[in-house]
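Colleague: I've just opened this one and would like a quick tour. Please start with the words you'll be using.

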Amino acid sequence: MTELMQMAGAISDANSLVSQLKNFFLVGVLGLMYVVSIAFVWGQTKSVLKAGVAAIGGAVVLAVVVNMTVLRDKIGEDIKNPGGAAAPAAVRVVDHIDPLDGGRR
């Protein structure tokens, strides 16, 4: 019984370590890459506008990566239930359109 409890503790510790590593990479490494990319653009161009565009683009990428699980779950719900918020489509099929002047083309 004690071996089972020790194994459960080891699994819990491993899960905690994986969670901490995930947070480290999301916050630490991606944050560092974000700052370095802005500094690189600024160093290459000396343009505030281009550095600002790099900052906004990097922030969008960072937000997508951080919220990936939410986006994955939302997209999964939309795939399972496609008729949720989408409006029904109306299609009109036209066989022939006459020219405006009534003549032939």
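This is a predicted model: local features need pLDDT of at least 70, side-chain atom pairs count only at pLDDT 80 or more; totals for chains, interfaces and linings use all residues.

Colleague: Thanks! How many helices and strands does the protein have?

Modeller: It has three helices and zero strands, counting DSSP runs numbered from the N terminus (H or I, at least four residues, for helices; E, at least two, for strands). From the N terminus on, the order is α-α-α.

Colleague: Tell me about H2. Which of its residues are buried?

Modeller: Ala51, Ala54, Ala55 and Gly58. Looking down the axis of H2, those buried residues fall within an arc of 100°, so they line one face of the helix; the arc is taken from the directions from the helix axis to the C-beta atoms. Helix H1 (2-45) is part of what covers them, where contact means heavy atoms within 4.5 Å.

Colleague: What sits on the face of H2 turned away from there?

Modeller: That face carries the exposed residues Leu49, Val53 and Ile56. Val53, for one, has a relative accessible area of 51%, which is why it counts as exposed. Its C-alpha is separated by 9.5 Å from that of Val41, twelve residues apart along the chain.

Colleague: What caps the N-terminal end of H2?

Modeller: Ser47 does: one of its side-chain oxygens lies 3.4 Å from the backbone nitrogen of Leu49.

Colleague: Where is Lys46, and what is its phi?

Modeller: Lys46 is in the loop between H1 and H2. Its phi is positive, about 55°, although it is not a glycine. Lys46 is also exposed, with a relative accessible area of 56%.

Colleague: Changing topic, how many aromatic pairs turn up?

Modeller: One, from a search of the whole structure. Phe24 and Phe25 are edge-to-face, 5.4 Å centre to centre with 65° between the planes. Rings of Phe, Tyr and Trp (its six-membered ring) pair if their centres lie within 6.5 Å; planes under 30 degrees apart are stacked, over 60 edge-to-face and the rest tilted.

Colleague: How accessible are Phe24 and Phe25?

Modeller: Phe24 has 49% relative accessibility, so it counts as partly exposed. Phe25 is partly exposed too, at 46%.

Note on methods: Residues are numbered from 1 along each chain as its sequence is written. Side-chain values use heavy atoms; hydrogens and water are left out. Buried means under 20% relative accessible area, exposed over 50%, partly exposed in between (1.4 Å probe, protein chains only). A polar contact is a pair of N or O atoms within 3.5 Å; within protein, one must be able to donate a hydrogen and the other to accept it, and residues adjacent in sequence count only if both atoms are side-chain atoms.
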